[in-house]
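This note sets out, point by point, what a colleague may wish to check when reading the structure below. Each point can be compared with the coordinates.

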Amino acid sequence: MKYLLEEVAKIKMGKMVTSEKHFTRDGIPYITEEALKKLSLEDDTSRLPKVDRTLIEPYSFSRVPAQSILLNKMDLKDTTVYQCKTDVCISHDIIAIIPNESILSSDYLFHFIKWYQNNNEKCNDYRLMIELPSIAIQHQVVQVLNAVQQLLTNKDYLVTAVKELPKHFDNTSRQVKHHSNSLYQGFEQLHYLYIAMLNHIFNGDYLHDFPEYHGCQKLYSN
């Protein structure tokens, strides 16, 4: 069954912080557009400014829960996409999508948006239509996608680690270079596989492999 995104998720805009006196060493990470772009490449919030928890309510900071999907543009085609692992506060240039986890898995939404970005169409997130199988099917789907995504996230670290091996062993430069090239090519193929999997899943083909999906479709059609 298809839903408008705003029917199955809350869309929240961030707010501007006018003074740095509200920041502290410990607290809730504060994410700006610049920080969001860095987080999409290296998921580390330890160096971000933190908001004192006791100041959030009095100063109306935009706090969003863990597993929210953060964007920096309304246009899904061009936005940076990040799934926060903890509660965060967002600035005025950030949009948070907070899924209703009883019907829409955050992981499923994350991969859906990544798939949508490969389309040529432009779409405002308020007008986004998303087809939702049961939560059980969503969880099965994202187990595979998450595993592939985790490998792709660690690509640079793993390739660099292999290239560094000649420093520790003698007479291995040629072999290491060969394996490093093979590893890089393998990750390139894995990236294309990830895109192909997204297309297979979110075009609806993969869902027909699940008996539960056919049961839901029959229920909705009656």
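The points that follow go from the whole chain to its sheet, helices, cores and single residues.

1. The model is a predicted one. Its chain contains seven helices and eleven strands. Of the 222 residues in the chain, 40% are buried. Among the contacts in the chain with a separation of 6 or more, 73% join residues 24 or more positions apart.

2. The four-stranded sheet. Four strands form an open sheet in the order β2-β10-β7-β8, and the pairing is antiparallel. Because β2 (9-13) and β8 stand at the edges with a single partner strand each, one side of each has no neighbour in the sheet. From one strand to the next, the twist averages 25°. The pairing of β2 with β10 (residues 95-99) is antiparallel and runs over five bridges. Within this pair, Met13 stands opposite Ile95 of β10.

3. Helices on the sheet. Helix α2 packs on the sheet and touches β7 and β8. The direction of α2 makes about 75° with that of β8. Helix α3 (residues 106-116) also packs on the sheet, where it touches β7, β8 and β10. For α3, the angle between its direction and that of β8 is about 170°.

4. The two sides of α2. Which residues of helix α2 (residues 33-41) are buried? They are Ala35, Leu36 and Leu39. Seen down the axis of α2, these buried residues fall within an arc of 100°, so they line one face of the helix. An α-helix has 3.6 residues a turn, so residues three or four places apart point the same way. Glu34, Lys38 and Leu41 are exposed on the other side of α2. The cover over the buried residues of α2 includes β4 (28-31), β7 (69-71) and β8 (81-83).

5. The pairings of β4. Strand β4 pairs with β5 (residues 50-51) in the antiparallel sense, over two bridges. There, Val51 in β5 is the bridge partner of Ile28. With β9 (residues 88-90), β4 pairs in the parallel sense, again over two bridges. Here the bridge partner of Tyr30 is Cys89 in β9.

6. Nonpolar cores. The largest nonpolar core has 34 residues. Those with the most contacts inside this core are Leu5, Ile69, Ile97, Leu104, Tyr108, Leu109 and Ile130. At least two residues of this core come from each of α1 (5-8), β2, β7, β10, α3, α4 (135-153) and α6 (173-202). Ile130 has contacts beyond four places in sequence with Met1, Lys2, Tyr3, Val8, Leu104, Tyr108, Leu109 and Phe112. A second, separate core has 14 residues, including Ile31, Tyr82, Val88 and Ile94.

7. His111. This residue lies in helix α3. Its relative accessibility is 1%, so His111 counts as buried. Beyond its neighbours within four places in sequence, His111 is in contact with Val142, Leu145, Asn146, Gln149, Tyr194, Leu198 and Phe202.

8. Ser62. Is Ser62 buried or exposed? With a relative accessibility of 2%, Ser62 counts as buried. This serine belongs to strand β6. A polar atom of the Ser62 side chain lies 3.3 Å from the backbone oxygen of Met13. Neighbours within four places in sequence aside, Ser62 is in contact with Lys12, Met13, Gly14, Lys15, Val88, Cys89 and Ile90.

9. Two loop residues. Gln67 is located in the loop between β6 (62-64) and β7. Although Gln67 is not a glycine, it has a positive phi of about 80°. Its relative accessibility is 29%, so Gln67 counts as partly exposed. Leu76 sits in the loop between β7 and β8. With a relative accessible area of 0%, Leu76 is buried. In sequence Leu76 and Gln117 are 41 residues apart, while in space their C-alpha atoms are 6.4 Å apart.

Note on methods: Residues are numbered from 1 along each chain as its sequence is written. This is a predicted model: local features need pLDDT of at least 70, side-chain atom pairs count only at pLDDT 80 or more; totals for chains, interfaces and linings use all residues. Side-chain values use heavy atoms; hydrogens and water are left out. Buried means under 20% relative accessible area, exposed over 50%, partly exposed in between (1.4 Å probe, protein chains only). The arc is that of the directions from the helix axis to the C-beta atoms. Contact means heavy atoms within 4.5 Å. Two strands pair if DSSP finds at least two bridges between them. Axes are lines fitted to C-alpha atoms, for helices over the stretch in contact, and angles run from 0 to 180 degrees between N-to-C directions. A polar contact is a pair of N or O atoms within 3.5 Å; within protein, one must be able to donate a hydrogen and the other to accept it, and residues adjacent in sequence count only if both atoms are side-chain atoms. A nonpolar core is a set of buried Ala, Val, Leu, Ile, Met, Phe, Trp, Tyr and Cys residues joined through side-chain atoms within 4.5 Å.
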